[in-house]
Amino acid sequence: MSKYSKAYIYGIRCNTTNLLYIGSSIKPMKTRLTKHLTDLKGYLGINPRPRCYRSSFEVLMNNNYEMFKIEDYPCETKHELEIREGLHMIKNKGCVNKRLPCKLNVKDHEEELSSLPSFI
């Protein structure tokens, strides 16, 4: 069984600004959120391990956010998961994500893209 059998796509929305970040993971949502918050604290200098800027910080800065599962996406590889995450980013053009997680030819995924929900 692939470790990506428990993969999912998630969103984090700022309840103050309504900004949306989209990500993917194979770890529990609580663990993934903790990593985002640890990175933010490092970026702000609160945590002793410095971190570079990440677009998720835009939705976490106000400390008024919710994390939610967009969809379970069991797959075989990280690349498959990154394609699906990228399609959600494209579908939700206003998300704060600055770059796609992988190279993606949208024409190869038009039907799949049209069936995805929009959160913006």
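Start by selecting Ile 12 and Met 67: Ile 12 stands opposite Met 67 in β3. Strands here are DSSP runs of E with at least two residues, helices are runs of H or I with at least four residues, and both are numbered from the N terminus. Before moving on, a word on what is on screen: this is a predicted model, in which local features need pLDDT of at least 70, side-chain atom pairs count only at pLDDT 80 or more, and totals for chains, interfaces and linings use all residues. Residues are numbered from 1 along each chain as its sequence is written, and side-chain values use heavy atoms, leaving out hydrogens and water.

**Stop 1: the sheet**

Now select β1, residues 8-14, together with β3, residues 65-72. The two pair in the antiparallel sense over 7 bridges; strands count as paired if DSSP finds at least two bridges between them. Look for Arg 13 as well, whose bridge partner in β3 is Glu 66.

Gly 11 stands opposite Ile 22 in β2.

With the three strands shown, you have an open sheet in the order β2-β1-β3, with antiparallel pairing. The edge strands are β2 and β3, each pairing on one side only. From one strand to the next, the twist averages 25 degrees.

**Stop 2: what covers the sheet**

Bring in α3, which packs on the sheet and touches β1, β2 and β3, its direction making about 165 degrees with that of β2. Angles run from 0 to 180 degrees between N-to-C directions, with axes fitted as lines to C-alpha atoms, for helices over the stretch in contact. Then show α1: this helix lies across β1, β2 and β3, running at about 135 degrees to β3.

Return to β1 and colour by accessibility. In a regular strand the side chains alternate between the two faces of the sheet. Tyr 8, Tyr 10, Ile 12 and Cys 14 are on one side of β1, Ile 9, Gly 11 and Arg 13 are on the other, and all are buried. Buried means under 20% relative accessible area, exposed over 50%, and partly exposed in between (1.4 Å probe, protein chains only). Because 7 of the 7 residues of β1 are buried, the strand is largely enclosed by the rest of the structure.

**Stop 3**

Select Glu 82, in α3 (residues 78-91). Glu 82 is buried, with a relative accessible area of 17%. Leaving aside neighbours within four places in sequence, Glu 82 is in contact (heavy atoms within 4.5 Å) with Pro 101 and Cys 102.

Next, pick Arg 84, also placed in α3. Arg 84 is buried, at 10% relative accessible area. Beyond its neighbours within four places in sequence, Arg 84 is in contact with Ile 9, Glu 71, Tyr 73, Glu 112 and Leu 116.

**Stop 4: the end of α1**

Finish at Leu 44, in α1 (residues 29-44). Leu 44 is partly exposed, with a relative accessible area of 45%.
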